[in-house]
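Here is a short note to read alongside the structure. Please keep the view open and find each residue as it comes up.

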Amino acid sequence: MIEIEVDDPAWTDALAEVEPLVQSAAALALEAAGLVSVSLTDDDTVADLNLRFRGKPGPTNVLSFPALESARPFLGDVILAFGVCAREAVEQRKSLSAHLQHLVVHGVLHLQGYDHLDEAEAEAMEHQERMILAKLGVSDPYASRHEPD
């Protein structure tokens, strides 16, 4: 089950179909039954959480907060910052909907133990992301890394 909360109306202003986009991405990323909360919020909220819980100033695109094992079937929270996500989509020349779905998949995978702290972990996580995004009709977000300059 996926619980979606739209805290910043900029999300629905930019993407009228934002909730179905989040729902489909999160559902495909869930490898087992569980409950995930996705919050679509603003840069200030994410900046506050980023500083309080990660010690890093400023907003980031997505934060994942895995739940304690004892909270199962609740897997945790995924929180996205509208301003950062919208800017990145423009900079990366992709649609906001595709970028949103990528980041939701990325965040839900983090809740299930995937990470990208070293090259092997990053490869495994990116492989999962590519497979899920292909099912959503979203092109490989990492393709530009492999193109010659």
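Predicted model: local features only at pLDDT ≥ 70, side-chain atom pairs only at ≥ 80, totals over all residues.

Which residue does the side chain of arginine 87 meet in a salt bridge? The points below start there and then move to other parts of the chain.

1. The partner is aspartate 43, and the N to O distance is 3.0 Å. Arginine 87 belongs to helix H4 (residues 82-91) and aspartate 43 to helix H3 (residues 43-54), so the bridge ties together parts that are 44 residues apart in sequence. Arginine 87 is partly exposed, at 44% relative accessible area. Aspartate 43 has 15% and counts as buried, because the cut-off for buried is under 20%.

2. How many salt bridges does a search of the whole structure find? The search gives 5. One of them joins arginine 72 to glutamate 69, with 3.5 Å between the closest N and O atoms. Arginine 72 is partly exposed, with a relative accessibility of 33%. Glutamate 69 reaches 62% and counts as exposed, since exposed means over 50%.

3. Proline 73 sits in the loop between S3 and strand S4 (74-81).

4. Another salt bridge lies within a helix. The side chains of arginine 130 and glutamate 126 meet with an N to O distance of 3.7 Å. Both residues are in helix H6, 4 residues apart, which is about one turn of the helix. Glutamate 126 is buried, at 9% relative accessible area, whereas arginine 130 is partly exposed, at 24%. The pair also has a further partner: Glu126, Arg130 and Asp140 are linked in a network of salt bridges.

5. Helix H6 also holds histidine 127. Is this residue buried or partly exposed? Histidine 127 is partly exposed, with 41% relative accessible area.

6. Which residues gather in a patch of negative charge on the surface? They are Asp118, Glu119, Glu121 and Glu123. Glutamate 123 is in helix H6, which covers residues 119-136. Its relative accessibility is 46%, so glutamate 123 counts as partly exposed. A residue needs over 30% relative accessible area and no salt bridge to be part of a patch.

7. Asparagine 61 is placed in the loop between H3 and strand S3 (62-66). This residue counts as buried, with 16% relative accessibility. What does the side chain of asparagine 61 make a polar contact with? The contact is with the side chain of glutamate 88, at 3.0 Å.

8. Proline 66 is found in strand S3. At 53% relative accessibility, proline 66 counts as exposed. Proline 66 and leucine 80 are 14 residues apart in sequence, and their C-alpha atoms are 15 Å apart in space.

9. Please look at the backbone of arginine 93. This residue has a positive phi of about 55 degrees, although it is not a glycine. Arginine 93 lies in the loop between H4 and helix H5 (96-111). With 79% relative accessibility, arginine 93 counts as exposed.

Conventions. Residues numbered from 1 in each chain as written. Heavy atoms only, no water. Patch = residues over 30% accessible without salt bridge, like charges linked within 9 Å, V, L, I, M, F, W, Y side chains within 5 Å. Areas by Shrake-Rupley, 256 points an atom, 1.4 Å probe, with all protein chains shown as cover. Salt bridge = Lys/Arg side-chain N within 4 Å of Asp/Glu carboxyl O. Lys, Arg positive; Asp, Glu negative; His and termini not counted. Charge placed at Lys NZ, Arg CZ, Asp CG, Glu CD. Helix = DSSP H or I, 4+ residues; strand = E, 2+ residues; numbered from the N terminus. Buried < 20%, exposed > 50% of the residue type's maximum accessible area, 1.4 Å probe, protein only. Polar contact = N/O pair within 3.5 Å; in protein donor to acceptor, adjacent residues only side chain to side chain.
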